[in-house]
Structures are given as C-alpha cells and as structure tokens.
Amino acid sequence: MVLFIPGFMQRGDAWRPVAELLPERYPSRMLDHAEHTFEGRMAEILSSGARVLVGYSLGGRLALRAALRSPDSFAAVVLVGSTAGIDEGPMRVTRAEADERLASWIEAASMEDVVSVWERQPLFADQSDALVEAQRPGRLSQDQRALALLLRTAGQGVLEPVWHELSQLDLPVLAIAGARDDGYTRAAKRIASTAPHGRAAIVEEAGHAPQLQRPEEVARLLTEFLDQALQR
C-alpha cells in the first residue's frame, strides 16, 4: 500500500490529483492526520501498514525519518519538495526562532488571516489563482492550536538534520522537486547523491508543489519509480 502524507496546513485529500492516477496495482491511502506533534505523526505513519511512503514538504520530512527509524517496514520512499534538514547550526536556530514567532502569531490570529498570509508566500508565487483557491478550504479547516504545536515539534528549525543517516538507508529513494523551486531542487539532487539507492526527478514548469501543478507528470514519475523499486 502507498501512503500519501500531506504537507503543513494540508489534508490528506490534497494528494488526490496524483493518487487517482496511480495504476490499480498500487493501492493507496491519503493520510489525514489526527495527531499534531512530530512523534504523534510518526506513530501514525509507522502503524499505517504502508510499504511505500510518499510525502510532500513537511510530509516528506516525516516520511524520511519514519524510513530511517524503521527501514525494514518499508520498500521505498518518495519525497516531494522536501529536504533532509538544515545542517548549518546557526541557520537552524534562526529558523526555529522564526517558527516560534509564526506559531505564536497563528495562535492569536484568525484562521482566515493565517491562510491569507500563508498562501501569499513567495514559495507559492508561481501557483495559479485557481490552484490557490482550490487549496483554501483544506487550509481553513485546520485548527490553529494544532498548527502551532506542529510547528513547535516538527518545524525545520526543531528537527535535527538526517543527511548523515541517508548514506545508510538501504531503500530506493526518489526525490522530486519543481524546476522553479531552486532550494528544493538542490536538496533533491543532494538526497539522490547521498542515499545509496537515491535518484532525483525535476519537474519542469512547476514550483514547490509539482504534485498539484503537474499531477500527471508526478504520477508518471511515481509509477515508473515503483515499477523499478519494487522489483528489487
């Protein structure tokens, strides 16, 4: 079973455009988290019974760490717009401080304001108005306290980087990034060069969310990867 893991401020259903395109030989489930801490979400993933993990952004960070924690439980891992962490200590501290400020603001602001600010990030600037609007109901359905807790326990500034562990991960790993997403394109290539069975795929005409901008291409890459990886 393929488990699709959403990003921050997403529901599992955000993966539907890709999940519906997978061939029948790869049954899947879109995870809608009930837990909102790092360890809680790790437990959800590790108890899911999935053999393949596919995670976007925060979901990718969780998928990678679940695979590192219990490599015998999985057959392959796919990361979309994700990284193995911030390995520069001062930069990680700065990010943790920024995430704490964001978490405090999220708790105090209205959910409408939170979503409005979130969807105007430069990271999402290349997304069409229609795509942004389609994501809005899922974002508005989130609980502010849960989002703040998630930032404080699973934000990039809080989590230790796992680049040094990647070289020991004996699983096929596919790192996907949008061509317009420079930082995560570099991360995808670094993951591919560090993991023994890693590879990178760069999706043209896409930014930080290629699975939303070009779902057919991401589904094609995922299917081809699984056809090869699951034959090992």
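Predicted model: local features only at pLDDT ≥ 70, side-chain atom pairs only at ≥ 80, totals over all residues.

Biologist: Great. At what angle do the axes of H5 and H6 cross?
Modeller: Roughly 140°, and the axes come within 10 Å. H5 covers residues 111-118 and H6 covers residues 129-140. That angle makes H5 oblique to H6.

Biologist: And which hand does the crossing have, left or right?
Modeller: H5 passes H6 in a right-handed crossing.

Biologist: Which residues meet there?
Modeller: From H5 you have Met111, Glu112, Val115 and Trp118, and they meet Arg136, Arg139 and Leu140 of H6. By class, that contact has four nonpolar and three charged residues, with no polar ones.

Biologist: Switching topic: where does arginine 69 lie?
Modeller: Arginine 69 is in helix H3, residues 58-69.

Biologist: What does arginine 69 count as, in terms of accessibility?
Modeller: Partly exposed, because its relative accessibility is 45%. If you leave aside neighbours within four places in sequence, arginine 69 is in contact with Phe38, Glu39, Met42 and Leu46.

Biologist: How far is arginine 69 from arginine 95?
Modeller: C-alpha to C-alpha, the two are 24 Å apart in space, and they are 26 residues apart in sequence.

Biologist: Last one, H11. How does its span compare with what 1.5 Å a residue should give?
Modeller: The two agree: the 15 residues of H11 (residues 215-229) should span 21 Å, and the end C-alpha atoms are 20 Å apart.

Biologist: Which residues of H11 are buried?
Modeller: Pro215, Val218, Ala219, Leu221, Leu222, Thr223, Phe225, Leu226 and Ala229.

Technical notes:
Residues numbered from 1 in each chain as written. Heavy atoms only, no water. Axes fitted to C-alpha atoms, helices over the stretch in contact; angles between N-to-C directions. Helix = DSSP H or I, 4+ residues; strand = E, 2+ residues; numbered from the N terminus. Parallel < 35°, antiparallel > 145°, perpendicular 65-115°, else oblique. Left-handed = near helix turned anticlockwise from the far one by under 90°. Contact = heavy atoms within 4.5 Å. Nonpolar A, V, L, I, M, F, W, Y, C, P; charged D, E, K, R; others polar. Buried < 20%, exposed > 50% of the residue type's maximum accessible area, 1.4 Å probe, protein only. Expected span 1.5 Å × (residues − 1).
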